[in-house]
Amino acid sequence: MTSRNPRDSRLRLVRPRPLAAAPRAVTQRSSRRPAPRPPEGTPPPAELARMARAGLADAARVARWADSMLGPGRDGATPDGKGTLSEATAERAAGELGLTPGQVRADWDTARLAGLVEVHGDIARPGWRLRAWNRDDSAVLRGWVALFDAWSLAHPEPADREASAVAEVVSAMPQVLSFLQLSAGPVPVEQLLDLLEQRVTELRTERCEIPYGPQPEPAAPPDTDAPLAPLLDWALHALAAVGALTCADGQATLTPLGSWAVWVKLEQICVAAQSPAGNIEQPAADMLRGCAQLRPNAARAEYRAWLAARPVGSAVTELLAAARGEDALTRGLAFEALRVVGAPAEPDVRSVAEESWLRPYALLWLAEHDGHDPEDAHEVLTREESTWLWVDTAAAVADHGEAPLLVRHLESAVQPTVPALLDEVRAVGHPRTVQVLVALAAAHPDPALAKAVRRAAFQVHTGGS
């Protein structure tokens, strides 16, 4: 969707809310209509997950290799800190996996975009989806949807095309994909080109971008007469590369996975969390996931019941172990449960305050425990810690929430403008930064802001500036 009204690029100024409450926003969803059923003929989730596993099998193989061979204390995978495999690591993986270095790098990039592997400086570690790969169909499907959202990063764009034209085509492709999904069959590429040209014309007519900061001398306007056929060809091949469609004999057809993903985007639904039934008997991580959709009061009652069935010491240890996992929502909920524990948890929470993944959560917990007003507790965090927590919470929303909730999450950022937020998000080095920015760009209704966010995602992915 686009707007006919000019949009200010500044973040809307709102009364600061405690960042400790940000994870709660994932669970405080407005009442909604019953989830609609997918179109007739859509394969069941288990079959879709099988297709996704098959399409991502090579990426998962490289991710597992990285998990076993590139852990702490071993040779670094990415000495430049940009997430790109070093020459030596790519050669080593190619030899051990029977691939070429080029294939290894391509599979590595796919694994990163799908959240199967995360990079922390020069250390690679498995994403939470890889841990759940063989037992959790929803994790597999979310990984594939993350790759689908990032299709424009998964396949290099034409080098001889203006960046503005590429951005327009990326912005216009959701309508093209929607048309393909509604057609439920092959569509001539010529027909898609007509639709793309119409949509790009609408974007150029309706969009009103407000420049960020001081501007250089006006440059020559983009060539609006440049043919879009090469860019449509790039987009279709990029979407085919991630398994969303097939293109042959001058026609394009969505795959079952692609059709399902487009329907999911159109309906703005997400995979339901586990039922809360039986949480008291579950391990901490499963209990927290089971409570994800409960209202805060109901979740706290569940935490109390779970804690009552265990010695406090072992319960706190188990909650902190769950917080160290890869799922950001589980991390936030673990500290909500630790708030229910109260004073007995203080020594353990204080002991993890130097762990980078847990530090912002621990500092907020300790501030509230020491008597700070929850509305002001975020003031104990540095700007970098606040930004890291913003990205981590956004990852939770992207994985478990809905698109409008991710857009509203912008309001909790400490930065006053979108450009400042993007600059600091890129600098903080959170391993989920690319996925968060891609999801935000896909969700935001403002095409100018979405373009800026998508550009930032591409720069983080490629290590550019």
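Q: Which residues is Arg310 in contact with, leaving aside its neighbours within four places in sequence?
A: Contact means heavy atoms within 4.5 Å. By that rule Arg310 is in contact with Ile280, Glu281, Gln282, Ala315 and Glu318, leaving aside neighbours within four places in sequence. This is a predicted model, in which local features need pLDDT of at least 70 and side-chain atom pairs count only at pLDDT 80 or more, while totals for chains, interfaces and linings use all residues. Residues are numbered from 1 along each chain as its sequence is written, and side-chain values use heavy atoms, with hydrogens and water left out.

Q: Where does Arg310 lie?
A: Helices (H or I, at least four residues) and strands (E, at least two) are DSSP runs, numbered from the N terminus. Arg310 sits in the loop between helix 14 and helix 15.

Q: Is Arg310 buried or exposed?
A: Buried means under 20% relative accessible area, exposed over 50%, and partly exposed in between, with a 1.4 Å probe and protein chains only. Arg310 is buried.

Q: How many residues does helix 15 have, and what does it reach from its first C-alpha to its last?
A: The expected span of a helix is 1.5 Å times one less than its number of residues. Helix 15 (residues 312-323) has 12 residues and reaches 16 Å, close to the 16 Å expected.

Q: Which residues in helix 15 are buried?
A: They are Ala315, Val316, Leu319, Leu320, Ala322 and Ala323. These residues lie on the same side of helix 15, because they cover an arc of only 155° around the axis. The arc is that of the directions from the helix axis to the C-beta atoms. The buried residues of helix 15 pack against helix 13 (284-290), helix 14 (296-308), helix 16 (328-341) and helix 17 (346-351).

Q: What is the phi of Asp249?
A: Phi of Asp249 is near 55°, a positive value in a residue other than glycine. Asp249 lies in the loop between strand 4 and strand 5, and counts as exposed at 78% relative accessibility. Phi of Ala184 is also near 55°; Ala184 belongs to the loop between helix 9 (163-183) and strand 3 (187-188) and is exposed, at 70%.

Q: Which residues is Gly250 in contact with, leaving aside its neighbours within four places in sequence?
A: They are Val187, Pro188 and Val189. Gly250 is in the loop between strand 4 (245-248) and strand 5 (251-254). The C-alpha atoms of Gly250 and Pro188 are separated by 5.8 Å, although the two are 62 residues apart along the chain.

Q: How many helices and strands are in the protein chain?
A: The protein chain has 23 helices and five strands. Buried residues make up 49% of its 465 residues.

Key: Lys, Arg positive; Asp, Glu negative; His and termini not counted. Salt bridge = Lys/Arg side-chain N within 4 Å of Asp/Glu carboxyl O.
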